[in-house]
Amino acid sequence: LCSSEGCNNQAKNGGVCIRHGAKKKRCSSEGCMNLAAKGGVCRRHGAGLKLCSSTGCPNLAMRGGVCGRHGAKKKRCSSEGC
C-alpha cells in the first residue's frame, strides 16, 4: 500500500502510488512519449511482440511460436456444416 497517510492505493514506485508522486516510466526509444510496457519500451517499439521462430521469417508469431505460414493452426468453427 501507499505510504502516504490515509491512502489505500497500491504503491507503484518508491513506496507511493501514482497520485502521491510515483513516476510512470516512458518508452526509452528516442522521441517516443508512450508509456513503457515491458523491457523499457512501449508496444510500438517491441514490448510483448514475438516474431516467428522460423529462420529468417519477419512475421509475428501467432501460436506455438510460429506464424500462420509456418504452421500456426487457426481455430475453426465447431458447428456442424459451418
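Of the 82 residues of the protein chain, 18% count as buried, where buried means under 20% relative accessible area, exposed over 50% and partly exposed in between, using a 1.4 Å probe and protein chains only. This is a predicted model, in which local features need pLDDT of at least 70, side-chain atom pairs count only at pLDDT 80 or more, and totals for chains, interfaces and linings use all residues. Residues are numbered from 1 along each chain as its sequence is written, and side-chain values use heavy atoms, with hydrogens and water left out.

**Overall form**
- The protein chain has zero helices and zero strands, counted as DSSP runs (H or I of at least four residues for helices, E of at least two for strands).
- With a radius of gyration of 21 Å, well over the 12 Å that the globule rule gives for 82 residues, the protein chain is more spread out than a compact globule. That radius is taken over C-alpha atoms, and the rule is 2.2 Å times the number of residues to the power 0.38.
- The C-alpha trace spans about 60 × 40 × 15 Å along its principal axes.

**Cysteines**
- The count of disulfides is zero, a disulfide being a pair of cysteine sulfur atoms within 2.5 Å.
- Cysteine 27 is in no disulfide, and the nearest cysteine sulfur, that of cysteine 42, is 3.7 Å away. Cysteine 27 is buried, at 7% relative accessibility.
- Cysteine 57 is buried too, with a relative accessible area of 12%. Its sulfur lies 3.8 Å from the closest cysteine sulfur, in cysteine 67, which is too far for a bond.
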